[in-house]
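Please keep the sequence and the structure in view while reading.

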Amino acid sequence: MFKRKDLLGLKDLTAAEIELLLDTAVPMKEIITRPIKKVPTLRGRTVVNLFYENSTRTRGSFELAAKYLSADSINISSSSSSVAKGESLYDTARTLQALRADVIILRHPMAGAPHLLAGAVPAAVINAGDGAHEHPSQALLDLFTVREHRGEISGLRVVIVGDILHSRVARSDIWGFTKLGAEVRVCGPPTLIPPGLEQAGIKVFHRMEEALVDADVIIMLRIQKERQQQGLFPSLREYARMYGLNRERLALARKDVLVMHPGPMNRGVEITADIAGGPRAVIEEQVTNGVAVRMALLYLLAGGGAGHENDH
């Protein structure tokens with residue numbers, strides 16, 4: 001039984017709650033491999049995708065997840081809604097509640113926006129990425145993908161490389177993998193590593209060659225030019241030379257290493273094309289697993305698994 005009203009981040013979840021979400025995604029993945037990908041589980045429920053930022057993978061997989069579970073879904077983007085006329089998030093939320101939304105999936109450029117929304121509406125709220133804070137469903141699909149290949153997360157060495165400072169995926173991955181017992185290493189330029197990670201038990205590296213030794217999982221992050229101040233590193237070419245994943249660096253990891261990327265990729269910057277399309281990459285699997293994980297979230301929050309005694 002999942003006893004939360006909302007999924008706002010992995011920081012506040014227990015290991016048992018994360019395992020429940022991953023376990024629930026297993027039968028959901030079986031559904032999406034069928035010729036007819038449809039079950040009546042959430043018939044009569046309404047799911048709203050409320051996106052204030054552009055998205056392909058996250059929005060598309062939440063849409064498919066709702067459809068496969070037979071929920072009614074509507075999509076609202078800020079550019080084509082009353083938000084463009086100056087409507088506040090709170091007033092938008094009240095409008096959606098008047099439409100009797102059961103689940104609101106929110107992506108927002110401001111950290112903490114899903115928490116504000118969750119406190120304003122009785123509907124379940126799922127954080128689909130808030131600023132540089134968290135992106136819990138991405139971390140859950142990363143955990144699910146690794147668990148599928150390795151059976152267990154505990155004891156694995158997971159290396160996250162790139163723009164840790166601006167990455168909500170990195171924050172959620174750090175919480176998720178550490179809670180399930182993995183050793184997490186982060187690597188990037190000193191200007192792109194937030195302070196205080198060592199105190200949380202995270203190993204920090206600035207040389208990629210050191211970070212990748214005996215790695216079981218490598219998660220490459222894109223350079224987030226849209227969230228960055230200028231001058232955090234000299235140039236993309238210099239960044240690629242220092243922190244790009246190529247064959248020589250991949251050889252430092254374990255032979256069965258998994259290479260992951262949340263997308264969208266900057267091929268030739270943080271990862272070479274041959275690695276992105278190579279046998280160690282599970283990037284397309286991540287996208288498929290994202291649908292299964294998001295089906296599990298919708299099921300637990302709006303369907304058969306929710307008991308809302310412990311809101312937020």
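A residue counts as buried when its relative accessible area is under 20%. Q97 has a relative accessibility of 13% and is therefore buried. The model is predicted.

**Q97 and its surroundings**

- Q97 belongs to helix α3, which covers residues 89-98.
- The side chain of Q97 comes to 3.5 Å from the backbone nitrogen of A123.
- Apart from neighbours within four places in sequence, the contacts of Q97 are V121, P122 and A123.

**Packing of α3 with α4**

- Helix α3 also packs with helix α4 (residues 113-120), at an angle of about 45° and with the axes 10 Å apart.
- The pair is therefore oblique, and α3 passes α4 in a right-handed crossing.
- On the α3 side the contact is made by L89, Y90, A93 and R94, and on the α4 side by A113, L116, L117 and A120.
- By class, these residues are seven nonpolar, no polar and one charged.

**Packing of α2 with α11**

- Helix α2 (residues 57-68) and helix α11 (residues 283-302) have axes that come within 8 Å and cross at roughly 55°.
- At that angle α2 is oblique to α11, and the crossing of α2 past α11 is right-handed.
- Helix α2 contributes R57, T58, S61, F62, L64, A65, A66 and Y68 to the contact, while α11 contributes G290, V291, R294, M295, L297 and L298.
- The contact residues of this pair comprise nine nonpolar, three polar and two charged.

**Packing of α1 with α11**

- Helix α11 packs with α1 as well, at an angle of about 115° and with the axes 7 Å apart.
- The crossing of α1 past α11 is right-handed.
- From α1, the residues in contact are L20, L21, T24, A25, M28, K29, I31 and I32.
- They meet T288, N289, V291, A292, V293, M295, A296, L297, Y299 and L300 of α11.
- Sorted by class, the contact of α1 with α11 has 14 nonpolar, three polar and one charged residue.

- R34 sits in the loop between α1 (15-32) and β1 (46-51).
- With a relative accessible area of 33%, R34 is partly exposed.
- The side chain of R34 makes a polar contact of 3.0 Å with the side chain of E30.
- S167 is in the loop between β5 (157-161) and α6 (168-179).
- S167 has a relative accessible area of 1% and so is buried.
- A polar atom of the S167 side chain lies 2.9 Å from the backbone nitrogen of A170.

**The loop between β9 and α10**

- G263 and P264 are joined by a cis peptide bond, with omega about -5°.
- P264 is located in the loop between β9 (258-260) and α10 (273-276).
- V269 also lies in the loop between β9 and α10.
- V269 is buried, its relative accessible area being 17%.
- L236 is 33 residues from V269 in sequence, and their C-alpha atoms are 6.7 Å apart in space.
- Not counting residues up to four places away in sequence, V269 touches L236, Y239, A240 and G244.

- S70 is not a glycine, yet its phi is positive, at about 70°.
- S70 is placed in the loop between α2 and β2 (72-77).
- The relative accessibility of S70 is 15%, so S70 counts as buried.
- R100, also not a glycine, has a positive phi of about 65°.
- R100 falls in the loop between α3 and β3 (103-108).
- R100 counts as exposed, at 59% relative accessibility.

Definitions and conventions
Residues are numbered from 1 along each chain as its sequence is written. This is a predicted model: local features need pLDDT of at least 70, side-chain atom pairs count only at pLDDT 80 or more; totals for chains, interfaces and linings use all residues. Side-chain values use heavy atoms; hydrogens and water are left out. Axes are lines fitted to C-alpha atoms, for helices over the stretch in contact, and angles run from 0 to 180 degrees between N-to-C directions. Helices (H or I, at least four residues) and strands (E, at least two) are DSSP runs, numbered from the N terminus. Angles under 35 degrees count as roughly parallel, over 145 as roughly antiparallel, 65 to 115 as roughly perpendicular and the rest as oblique. A crossing is left-handed if the near helix is turned anticlockwise from the far one by less than a right angle, and right-handed if clockwise. Contact means heavy atoms within 4.5 Å. Ala, Val, Leu, Ile, Met, Phe, Trp, Tyr, Cys and Pro count as nonpolar, Asp, Glu, Lys and Arg as charged, and the others, Gly among them, as polar. Buried means under 20% relative accessible area, exposed over 50%, partly exposed in between (1.4 Å probe, protein chains only). A polar contact is a pair of N or O atoms within 3.5 Å; within protein, one must be able to donate a hydrogen and the other to accept it, and residues adjacent in sequence count only if both atoms are side-chain atoms.
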